[in-house]
Amino acid sequence: MNLPPKTQDLLKRYGLALAFASLALLLRDQLPFKEGTSVYQLPLAAVILSAWYGGRGPGWLASLICVTGASYLFVPPVHSFATAPDHVLPLSIFIGLCLLLTEFGASRRRAQRAMDESEQRFRLMAETVPEMLWIESLAPRKMLYMSPRYEQIWGRPLGDFRRDPEAWIEAVHSEDRDD
């Protein structure tokens, strides 16, 4: 059964969140930690990874799984959702961190998507305008991008430019090179 790419991406992101959270709880349960120490480190890492790679929804899913699992499995009294009074504050801090880090991860994902969309728009423009466009780094000085119009305008293959970034200057009349 072929699912649309958006659905596949969504399932992958939520599946990773489920896997990260489950693996963190399983590892925390199996590793030999002293009681009361290191309850939240692995679940918190799972929340961070889920939000970083998946965004807000997967981050919240991992948070829900990790908070529920840690509360039931590791917070005294163990194997109960009741919380001992001296563990209410650490559990509350864990919940707050989960929410905060999920929002940070979601923001990073939104920024990455916006940057990718901006780059796609730039590339579309650079490949369709009837002019040559380039991006040059000043320190150290080198060409970072040259539009496909380079070949049509300068009559030289774009591969030459990639092998020798200074090769384009050879096409400029010797009296105009300084300008």
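**Entry 1. α2 and α4**

I began with α2 and α4, which pack at an angle of about 25 degrees with their axes 7 Å apart. Helices here are DSSP runs of H or I with at least four residues, strands are runs of E with at least two, and both are numbered from the N terminus. The axes are lines fitted to C-alpha atoms, for helices over the stretch in contact, and the angles run from 0 to 180 degrees between N-to-C directions. α2 and α4 are therefore roughly parallel to each other; angles under 35 degrees count as roughly parallel, over 145 as roughly antiparallel, 65 to 115 as roughly perpendicular and the rest as oblique.

I then listed the contacts, meaning heavy atoms within 4.5 Å. On the α2 side, Pro43, Leu44, Val47, Ile48, Ala51, Trp52, Tyr53 and Gly54 take part, and they meet Phe94, Leu97, Cys98, Leu101, Thr102, Gly105, Ala106, Arg108 and Arg109 of α4.

I recorded the basis of these values: this is a predicted model, in which local features need pLDDT of at least 70 and side-chain atom pairs count only at pLDDT 80 or more, while totals for chains, interfaces and linings use all residues. Residues are numbered from 1 along each chain as its sequence is written, and side-chain values use heavy atoms, with hydrogens and water left out.

**Entry 2. α3 and its partners**

I next looked up α3, which has 18 residues and reaches 25 Å from its first C-alpha to its last, close to the 26 Å expected at 1.5 Å a residue. The expected span is 1.5 Å times one less than the number of residues. Its buried residues include Pro58, Gly59, Ala62, Ile65, Cys66 and Ala70 (buried is under 20% relative accessible area, exposed over 50%, partly exposed in between, with a 1.4 Å probe and protein chains only). I found α1, α2 and α4 among what covers them.

α3 and α4 pack at an angle of about 165 degrees, with their axes 9 Å apart. That makes α3 roughly antiparallel to α4, and the crossing is right-handed. Arg56, Gly59, Trp60, Ser63, Cys66, Val67, Ala70 and Ser71 are the α3 residues that meet α4, where their partners include Leu91, Phe94, Cys98 and Glu103.

α1 and α3 pack at about 25 degrees, with their axes 9 Å apart. They are therefore roughly parallel to each other, and their crossing too is right-handed. From α1, Arg13, Tyr14, Ala17, Leu18, Ala21 and Leu25 meet residues of α3, among them Leu61, Ala62, Ile65 and Gly69.

**Entry 3. α1**

I compared the span of α1 (residues 5-30) with expectation: its 26 residues should span 38 Å at 1.5 Å a residue, and its end C-alpha atoms are 36 Å apart, which agrees. Arg13, Ala17, Ala21, Ala24, Leu25 and Arg28 are buried in α1. Their cover includes α2 (41-54), α3 (56-73) and α4 (88-128).

**Entry 4. Single residues**

Is Ser50 buried or exposed? Ser50, found in α2, counts as buried because its relative accessibility is 2%. Leaving aside neighbours within four places in sequence, its contacts are Leu16, Ala17, Phe20, Gly55, Pro58, Gly59 and Ala62.

Ser71 belongs to α3 and, at 7% relative accessibility, also counts as buried. Beyond four places in sequence, Ser71 is in contact with Cys66, Ser80, Phe81, Thr83 and Leu91.

Arg56, also in α3, is partly exposed, with a relative accessible area of 32%.

**Entry 5. Nonpolar cores**

I finished with the nonpolar cores, each a set of buried Ala, Val, Leu, Ile, Met, Phe, Trp, Tyr and Cys residues joined through side-chain atoms within 4.5 Å. The largest has 19 residues, of which Tyr40, Cys66, Phe94 and Cys98 touch the most other members. α1, α2, α3 and α4 each supply at least two residues of this core, and the largest share, 5 residues, comes from α3. A second, separate core of 5 residues includes Met132, Met146, Tyr150 and Leu158.

Methods. Left-handed = near helix turned anticlockwise from the far one by under 90°.
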